[in-house]
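Please open the structure in a viewer and keep the selection panel at hand. The stops below may be followed in order.

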Amino acid sequence: MKNFARFVTEDSKSLVVPVLMIILGIIFIINPGAILATVVRVVGILLIIAGIITVISKFDNLTPNVIVIAALFAIVGIVFLIFAGSVASGFIKVFGIIILVNSCIKLWEAYKLQKKTGGSGWKVFMCIDGVTALFGIILLFVPYSIAFAIGIILVVIGVINIGNAYLVFSNGYVVYGTDVVMKK
């Protein structure tokens with residue numbers, strides 16, 4: 001424990017990114033809907049800015065087409081800002097439907113492969129596409145599960161990175177940026 005305390009004080013730079021990953025992961029786990037809604041709001045703001053930039057950049061040659069495109073950017077951006085949660089949920093559900101339909105097609109192809117060849121290779125395809133279909137169903141009915149899963153992955157990777165940094169430090173090395181340098 002004393003060695004870990006020394007590691008935290010002497011090589012704290014190598015902890016910044018993993019600790020931020022863990023914090024962000026915990027936020028994703030605690031409130032996945034808010035994270036996805038925030039991403040949609042940022043995209044909405046970028047769309048509004050894109051509409052404004054479109055008008056400004058074509059101000060000398062402002063045609064009806066340019067006005068329509070700029071207005072569409074702005075309208076979609078405003079919709080994203082107002083209905084951020086619904087937009088995020090809708091996009092994830094559409095993505096879930098696409099995954100589900102694709103995996104069902106692949107399952108059918110695996111079934112046809114089994115009928116045609118009679119071999120055992122189709123079982124691998126059937127398992128993979130079955131798991132993919134399950135993932136599509138989860139996204140369809142629990143759309144914020146993707147943010148929750150990302151949160152878990154961020155926490156796990158952050159903890160692993162802290163462990164790796166500690167192992168490097170305890171073996172007499174210290175990490176500076178991307179370089180591992182002998183400490184003594």
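Select Ala 110 to begin: apart from its neighbours within four places in sequence, Ala 110 is in contact with Trp 122, Phe 125 and Met 126. The model under view is a predicted one. Ala 110 is found in helix 5, and with a relative accessible area of 4% the residue is buried. Ala 110 and Asp 129 are separated by 19 residues in sequence, and their C-alpha atoms are 8.7 Å apart in space.

Remain on helix 5, which covers residues 84–117, and select Lys 106 together with Glu 109. The side chains of Lys 106 and Glu 109 form a salt bridge, with 3.8 Å from N to O. Because the two residues are 3 apart in helix 5, about one helical turn lies between Lys 106 and Glu 109. Are these side chains buried, exposed or partly exposed? Lys 106 is partly exposed at a relative accessible area of 35%, and Glu 109 is likewise partly exposed at 38%. The count of salt bridges comes to 1.

**The whole chain**

Zoom out and colour the chain by secondary structure. The chain has 7 helices and 2 strands. Read from the N terminus, the order of elements is α-α-α-α-α-α-α-β-β. Of the 184 residues in the chain, 27% are buried. Among contacts with a separation of 6 or more, 70% are between residues 24 or more positions apart.

**Helix 2**

Select residues 16–30, which form helix 2. Its 15 residues should span 21 Å at 1.5 Å a residue, and the end C-alpha atoms are 21 Å apart, so the two values agree. Within helix 2, highlight Pro 18, Met 21, Ile 22, Gly 25 and Phe 28, which are the buried residues. Seen down the helix axis, the buried residues of helix 2 fall within an arc of 125°, so they line one face. Turn the view to the face directed away from the buried side: there the exposed residues Leu 20 and Ile 30 are found. Which elements cover the buried residues of helix 2? The cover includes helix 3 (32–57) and helix 7 (145–170).

**Helix 7 and Ala 147**

Proceed to helix 7. Its 26 residues should span 38 Å at 1.5 Å a residue, and its end C-alpha atoms are 37 Å apart, which agrees. Buried in helix 7 are Ser 145, Ala 147, Gly 151, Leu 154, Gly 158, Ile 162, Ala 165 and Phe 169. Centre the view on Ala 147, which is buried with a relative accessible area of 0%. Ala 147 and Phe 28 are 119 residues apart in sequence, while their C-alpha atoms are 5.9 Å apart in space. Beyond its neighbours within four places in sequence, Ala 147 is in contact with Phe 28, Pro 32 and Leu 36.

**The largest nonpolar core**

Select Phe 28, Leu 36, Val 40 and Phe 80. These residues have the most contacts inside the largest nonpolar core, which has 16 residues. Helix 2, helix 3, helix 5 and helix 7 each supply at least two residues of this core. In soluble globular proteins, nonpolar side chains tend to be buried together.

**Helix 4**

Select residues 64–82 to display helix 4. From first to last C-alpha, its 19 residues reach 27 Å, close to the 27 Å expected at 1.5 Å a residue. Val 66, Ala 70, Gly 77 and Phe 80 are buried in helix 4. Where do they pack? The buried residues of helix 4 pack against helix 3 and helix 5. On the other side of helix 4, Pro 64, Asn 65, Ile 75 and Ile 82 are exposed.

**Cysteines**

For the last stop, select Cys 104 and Cys 127. Cys 104 is partly exposed at 41% relative accessibility, whereas Cys 127 is exposed at 52%. How many disulfides does a search of the whole structure find? The search finds 0 disulfides.

Key
Residues numbered from 1 in each chain as written. Predicted model: local features only at pLDDT ≥ 70, side-chain atom pairs only at ≥ 80, totals over all residues. Heavy atoms only, no water. Helix = DSSP H or I, 4+ residues; strand = E, 2+ residues; numbered from the N terminus. Expected span 1.5 Å × (residues − 1). Buried < 20%, exposed > 50% of the residue type's maximum accessible area, 1.4 Å probe, protein only. Arc of directions from axis to C-beta. Contact = heavy atoms within 4.5 Å. Salt bridge = Lys/Arg side-chain N within 4 Å of Asp/Glu carboxyl O. Core = buried A, V, L, I, M, F, W, Y, C linked by side-chain atoms within 4.5 Å. Disulfide = S-S within 2.5 Å.
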